[in-house]
Amino acid sequence: MEKTSNFRHSKLGYVGNGTGRYAKSSQGTEAKLVNNIMDALRRDLKNVPYFIYKTHGGTFQKAGIPDIYLQTSGRALWLEIKLPGGDTTALQRKTLLELKDAGAYVATCTSVEEAIDTLHHALSL
């Protein structure tokens, strides 16, 4: 795994392996996890200006765009959310690498804790 920090859960820069492995969970769906992470990010950023957007795949959106876009403190953070054991598709991995090359912070997260720690890591750089 490409962990880039000493934070307990931070996966800043980790873009997955591109295998497209799908994971099932007894704890709910990936959409529910995305919503839980969005809520946690909003709570964590309640005292600073921020913009957060949940992407919705569809006909009019480029395929492979990460699930969450967050802009705060001059930092752009794109998060791809997967259930534990899941992996990005080849297209998602390619898109995350393109965003990273363009200067954005990117990560693939599988929990609320990973997403929050990744945000804190990005803001500490």
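Y69 counts as buried, because its relative accessibility is 18% and buried means under 20% relative accessible area, with exposed meaning over 50% and partly exposed in between (1.4 Å probe, protein chains only). W78 also counts as buried, at 16% relative accessibility. The structure is a predicted model, in which local features need pLDDT of at least 70 and side-chain atom pairs count only at pLDDT 80 or more, while totals for chains, interfaces and linings use all residues. Residues are numbered from 1 along each chain as its sequence is written, and side-chain values use heavy atoms, with hydrogens and water left out.

A pair of aromatic rings is described by the distance of the centres and the angle of the planes. Rings of Phe, Tyr and Trp (its six-membered ring) pair if their centres lie within 6.5 Å, and planes under 30 degrees apart count as stacked, over 60 as edge-to-face and the rest as tilted. The count by this rule is two aromatic pairs. For Y69 and W78 the ring centres are 4.7 Å apart and the planes stand at 45°, so this pair is tilted. Together with F51, the residues Y69 and W78 form one aromatic cluster.

## The chain as a whole

The protein chain has three helices and four strands, where helices (H or I, at least four residues) and strands (E, at least two) are DSSP runs numbered from the N terminus. Read from the N terminus on, the order of the elements is α-β-β-β-α-β-α. Of the 125 residues in the chain, 44% count as buried. Among contacts (heavy atoms within 4.5 Å) between residues at least 6 apart in sequence, 68% join residues at least 24 apart.

A63 lies in the loop between strand 1 (50-54) and strand 2 (68-72), and A63 is partly exposed, with a relative accessible area of 47%. Leaving aside neighbours within four places in sequence, A63 is in contact with L91 and T95. The C-alpha atoms of A63 and T95 are 8.8 Å apart in space, although these residues are 32 residues apart in sequence.

K82 is found in the loop between strand 3 (75-81) and helix 2 (90-101), and K82 is buried, with a relative accessible area of 8%. Not counting residues up to four places away in sequence, K82 touches several residues, including E30, D87, Q92 and T110. The side chains of K82 and Q92 are joined by a polar contact of 3.2 Å; such a contact is a pair of N or O atoms within 3.5 Å, and within protein one must be able to donate a hydrogen and the other to accept it, while residues adjacent in sequence count only if both atoms are side-chain atoms.

## The largest pocket

On a 1 Å grid over the protein atoms alone, a cavity is a set of points where a 1.4 Å probe fits but cannot get out, whereas a pocket is an open set with protein on both sides within 12 Å along at least five of seven lines, and lining residues have an atom within 4 Å of a point. The largest pocket holds about 180 Å³ of space, and among the residues that line the largest pocket are E30, K54, G64 and Q92. Helix 1 (residues 30-44) gives the largest share of this lining, three residues.

Key
Grid points are joined across faces, edges and corners, and a volume is the space filled by probe spheres set on the points.
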